[in-house]
Amino acid sequence: MLPYYNEFDIIGFKLDGYNVTLLGRVVHATLKSDAEHAIKKIEGVERINNQIEVLPPSPFDDRLRLELFRAIYGYPALQRYGVGSNRPIHIIVDHGHVTLEGAVDNIGDRNIANIRANQVPGVFSVTNNLQVPGKKKH
């Protein structure tokens, strides 16, 4: 349905009756429009407010995405999250600022992902929004 959606994008939604607000940040503009078209096909949806932000093109950010991917998913304690095509840790990079989104199994994995992201050269800041089921966000 969204073939270009991957670990470098994050998409969410809010419902208000029959109205849907799309939220998130994506690397490719086509993903923003693809998400809206997918929602339009759902029976009962009357209106869509597409607030998905398209991240600006940047070779610097592209390099960071690959290095962050290797630093997080290549680390032995986190490798199990890299299996399959629907990876749970989303790595959002905007002008060198990193936001980790998604879910991990425990606080230790959340902290390791944060440490690994902070160790990548060129990263200006890391916001860790990773959730642990059953735990409140820190």
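1. S2 and strand S3 (residues 47–50) run parallel, joined by 4 bridges. Pairing here requires at least two DSSP bridges between two strands. Strands (E, at least two residues) and helices (H or I, at least four) are DSSP runs, numbered from the N terminus. Asn-19 stands opposite Arg-47 in S3. From S2 the chain passes through helix H1 (residues 29–40) to S3, a right-handed β-α-β crossover. Right-handed means that, with the strands pointing away from the viewer, the path from the first strand over the helix to the second runs clockwise.

2. On the basis of the model: it is predicted, so local features need pLDDT of at least 70 and side-chain atom pairs count only at pLDDT 80 or more, while totals for chains, interfaces and linings use all residues. Residues are numbered from 1 along each chain as its sequence is written, and side-chain values use heavy atoms, with hydrogens and water left out.

3. Strand S1 (residues 10–16) pairs with S2 (residues 19–26) in the antiparallel sense, over 7 bridges. Ile-10 stands opposite Arg-25 of S2. The hairpin of S1 and S2 has 2 residues between the strands, and Gly-17 takes a positive phi near 65° there. Strand S4 (residues 53–54) pairs with S2 in the parallel sense over 2 bridges. In S4, Glu-53 is the bridge partner of Arg-25.

4. S5, S6 and S7 form an open sheet in the order S5-S6-S7, with mixed pairing. S5 and strand S7 (125–128) are the edges; each has a single partner strand, so one side of each lacks a neighbour in the sheet. S5 and S6 pair in the antiparallel sense over 6 bridges. His-97 in S6 is the bridge partner of Asp-94.

5. H2 lies across S5 and S6, at about 155° to S5. H3 touches S6 and S7, and its direction makes about 165° with that of S7. Contact means heavy atoms within 4.5 Å. Axes are lines fitted to C-alpha atoms, for helices over the stretch in contact; angles run from 0 to 180 degrees between N-to-C directions.

6. The largest nonpolar core has 21 residues; Leu-68, Ile-72 and Val-123 are among those with the most contacts inside it. Such a core joins buried Ala, Val, Leu, Ile, Met, Phe, Trp, Tyr and Cys residues through side-chain atoms within 4.5 Å. Buried means under 20% relative accessible area, exposed over 50%, partly exposed in between (1.4 Å probe, protein chains only). H2 supplies the largest share of this core, 5 residues.
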